[in-house]
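Today I am opening the notebook on charged side chains and how they pair up. Here is the model I was looking at.

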Amino acid sequence: MPGLAARGRLHRRRHTAPARYPHPGHRPQGGSMKPHRTPVLIVGGGLTGLSAAVFLAHHGVRATLVERHPDTSTHPKARAINPRTMELYRAVGMEERVRAGRSPISGNTDLVHVESLAGKERVRMPSASPEDIGRISPTRWTLIDQNQLEPILRERAVEAGADVRFSTRVDAIQEYVEDGAGVLVGTTDLATGTRSQIHADYVIAADGSRSPLRAMLGIGAHGRGTITNLVSFFFEADLTEALRGRRIIAAYVNNPEVRGTIIPIDNDRRWVINVSFFPEKGQRAEDFTEERCTALVRAAVGVPDMPLKIESVDMPAWDISARVADTFATRRVFIAGDAAHVMPPTGAFGASTGIQDAYNLAWKLALVLSGTAGPKLLESYDAERRPVAEETVRQAMLRFAVREGKQYQEVADELLDETTMTFGYCYRSGAFALEEGAPDSIVEDPAHPGARPGARAPHFQLDGPDGPVSVIDLYGDGFTLLVDELAGRWTGAVEQEAARLGVGLKVVRIGRGTRLWDQDGSFRRRYGLLAGGAVLVRPDGFVGWRTTAGRGGPVDRAAITALRAILDRV
């Protein structure tokens, strides 16, 4: 079920960055004498930043979050959370809380490309059925507007102990080594004008597509850049006849009079339309008067005399862009979400990709901060997430090309289906034990997973003492060692080593005669194992190591070596 953004990146005035503080002891005028200390400072209170605060709290890290806006988003923006991201919220006990806030369009299924809503339908994008998703995940798509999800995440972050500060702007940042390594950040309380400092061990920059923090750090970005400029406006109308029974998530319109997107707000009479305009042709956002907007809506719907009411025409212009940061990390600052990668909203990839960045990073930061893992574990964040972002942006661009008029058949050979992009992406290097001869592809078919190290640990159903259990529900805290019932009794040595290292490790034996009964051999089949095999799964649900058959040989030493390598404790 691909989704979209009802409204994207606004053209807001950039905040210029003052010079970095010359040394850690410098104090801006009016600031406090002693910097506030925090293990992790999150800059940005959107979906990625708030999710990072929740995920860090789940791993025992109470972060500080600052956001320059006075409150969470008041506009729908991103409207769909994919099933993989719902697995992450499920792991931290938030699945039902998020699902309860779902959008009025949560039952809609159609994403169509049309000449007009009432006219010819060019393409209907394929979407996975609930049955297909059920074989891959215990969760499903959730349509929830960004202005509904952000308050839920903010409330949960505060409940978990995060220090959340809105109306707070970052003015300067400095990584340093004096008096112990860390990052010194200068901030301004925009409500009072008070300037202060925050000393963080690490910083997550999740401050949006125009990321002032990324600019302060001198991190560039590459890609096509701005693709199109748009204005958005809400309108009221009865579109029943033009819809012809379709329950749209979005209708992408392309005709000589208008290029834009019609999106339902209340699934009844209230809609938003995003319309492209072209500054190079002398067009301006200010030219979208109420009369012009009325004409554009009628052209997009395809009913010249349709009654409608324009709600407002004063929303800021925004753009659709495609960019990826040149690096996702410095020594102690990590770039995530739209600050790291921005893409067209076609495919509902943007929000979920950012949230998955945060999930990948949270467990690593927690282990390094506790001293359980070495600092090189954090280097795997860029190695793992940046290639995934590159491919995700490419896939979003292919979908956007269809929206802009390209024939579906022209991109079909390169286009990966949404289920593959949601569940099948793989890390090619990073914090896992790479298998000799492993494929170099960045994706695998999640319906027929290879379960190689660096891939998402596949879902299958087990029979537990209290009923069915998804193996996905065994992941999310520490490491999990899944062991086939015919494996030798070698796991005790791995448990002892994990305890010595101070890392949480859960050993789960799976088979017909175990507490978790695998009736049809799904464990071996979906994880690519022979009798006696075993798999080490990381806290983020990705495979870290496996042995296809573990009844003989020094399997315990191989598992210990892999665990120590992941933790940078070799």
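Entry 1. I began with Arg394, which is partly exposed with a relative accessible area of 34%. A reminder to myself: this is a predicted model. Next I looked up the partner, and the side chain of Arg394 meets that of Glu391 in a salt bridge (3.0 Å, N to O). The two residues are three apart in helix 10, so about one helical turn separates them. Is Glu391 buried or exposed? I found Glu391 buried, with a relative accessible area of 13%, which falls under the 20% cut-off.

Entry 2. I then searched the whole structure and got 31 salt bridges. One of them joins the side chains of Arg259 and Glu404 (2.8 Å, N to O). I checked where the two sit: Arg259 is in strand 14 (residues 259–264), while Glu404 is in the loop between helix 10 (380–403) and helix 11 (408–411), so this pair ties together parts 145 residues apart in sequence. For Arg259 I noted 28% relative accessibility, which counts as partly exposed. Glu404 is also partly exposed, at 23%.

Entry 3. I went on to Asp287 and Arg284, whose side chains meet in a salt bridge (2.9 Å, N to O). Asp287 has 28% relative accessibility and counts as partly exposed. Arg284 comes out at 46%, and I logged Arg284 as partly exposed too.

Entry 4. Which residues are linked in a network of salt bridges? I wrote down Arg90, Glu95, Arg99 and Asp473.

Key
Residues are numbered from 1 along each chain as its sequence is written. This is a predicted model: local features need pLDDT of at least 70, side-chain atom pairs count only at pLDDT 80 or more; totals for chains, interfaces and linings use all residues. Side-chain values use heavy atoms; hydrogens and water are left out. A salt bridge is a side-chain nitrogen of Lys or Arg within 4 Å of a carboxyl oxygen of Asp or Glu. Helices (H or I, at least four residues) and strands (E, at least two) are DSSP runs, numbered from the N terminus. Buried means under 20% relative accessible area, exposed over 50%, partly exposed in between (1.4 Å probe, protein chains only).
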